[in-house]
Amino acid sequence: DHGNTTYDTWGFVGDNLLSGGLWIGALQAMARLAAAMGETGLKAEVERTLAVAKQVLDNLFWLEDLQYYRLDAHSTAIMADGLNGQRYCETTGLEPILPPSRIASHLHQVFERCVAPLADYTGDGIGDMGAVNGRKADGSPLPSGQPNEVWTGSSYFVAASMYHWGKELGDETLMQRALHTAYGVYYQTWVNERTAYFFNTPEAWYFADPAQYRAEQYQRPRAVWELLLEIDNPFDTLAVAVRELRGDCGAALEPTLRQNWPNPFNAGTAIVYDLPEEGHVVMTVHNTAGRLVRELVNATQRAGSHRVLWDDLAPSGVYFCRLSVRTRAGEAVKTMKMVRLR
């Protein structure tokens with residue numbers, strides 16, 4: 001039986017990474033909505049299902065020897081945008097659907113197998129075509145059809161996820177690979193004289209020859225914004241400016257430390273904070289005795305919203321997150337309590 005898929009000519013067999021990840025993302029959104037509406041019973045029910053689903057997804061598809069998540073229950077192939085569900089969670093502030101270290105490893109393997117081996121136009125030995133949709137475990141092409149196409153929107157989408165996890169984990173190589181993946185789409189669209197689609201950018205081109213394309217003017221232009229928002233979100237500073245124009249300058253001068261989510265948490269939790277202006281940020285986690293457990297941030301950061309993930313294997317207990325922000329106006333300190341249940 002073919003599993004659910006958004007692809008027209010790429011049938012998945014049985015359970016698959018793409019659909020499973022989208023389902024988990026939907027469960028996380030449902031849990032958040034239930035909490036916002038005060039539906040504690042529904043929230044608890046969804047979270048029980050969610051905990052099992054995450055574990056099952058990881059167990060079913062992670063290939064330890066290849067260091068990536070396989071396509072479906074009957075294939076060891078890799079799918080470039082198989083973590084679509086994870087990307088939706090990234091853009092909405094939801095918890096990762098899989099362990100962050102494995103997400104990053106999967107994205108590195110996408111680059112190694114679906115980006116780097118494609119045609120090189122700049123002489124650096126790395127492909128300049130974007131990301132082909134899929135590859136077999138040995139790196140060879142899958143059967144003809146959509147697996148062997150480079151999708152404009154998917155390539156930008158994957159590049160955004162690479163950049164996101166490069167930032168989250170301090171992985172500079174992954175961030176550079178994100179830019180190279182996106183550059184391939186730009187090169188074929190605007191630079192390669194043999195294609196030069198310009199404003200007629202198609203949805204897809206064939207990995208072996210970008211002059212073979214289809215669905216002209218179907219480039220999903222929203223996708224390029226995914227990468228821009230990861231690199232430098234212009235709406236962060238815009239939000240600060242709007243608050244100032246409304247006369248809310250006093251509130252805008254104070255950094256905001258939002259309650260971590262989920263809380264209580266098990267595998268990991270996300271901490272979001274907002275900076276009214278550029279400043280040096282130090283974020284630390286302490287136990288109830290006041291001892292330092294982990295330094296999460298120690299860097300100068302721009303104004304806007306920032307997110308950090310804490311997924312250390314710390315024992316169960318109560319922890320305190322301390323946010324210190326030093327700006328030209330002085331230092332502001334915020335704290336909050338977090339609970340870990342293992």
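Modeller: A salt bridge here is a side-chain nitrogen of Lys or Arg within 4 Å of a carboxyl oxygen of Asp or Glu. This is a predicted model, where local features need pLDDT of at least 70 and side-chain atom pairs count only at pLDDT 80 or more, while totals for chains, interfaces and linings use all residues. Residues are numbered from 1 along each chain as its sequence is written, and side-chain values use heavy atoms, with hydrogens and water left out.

Biologist: Happy with that! Which residue forms a salt bridge with Asp209?

Modeller: Asp209 sits in strand 9 (residues 209–214), and its partner is 15 residues apart, in the loop between helix 6 (172–191) and strand 8 (204–206); strands (E, at least two residues) and helices (H or I, at least four) are DSSP runs, numbered from the N terminus. The closest N and O atoms are 2.4 Å apart, and the partner is Arg194.

Biologist: Is Arg194 buried or exposed?

Modeller: Buried means under 20% relative accessible area, exposed over 50% and partly exposed in between (1.4 Å probe, protein chains only). Asp209, at 15%, counts as buried. Arg194 has 56% relative accessibility, so this residue counts as exposed.
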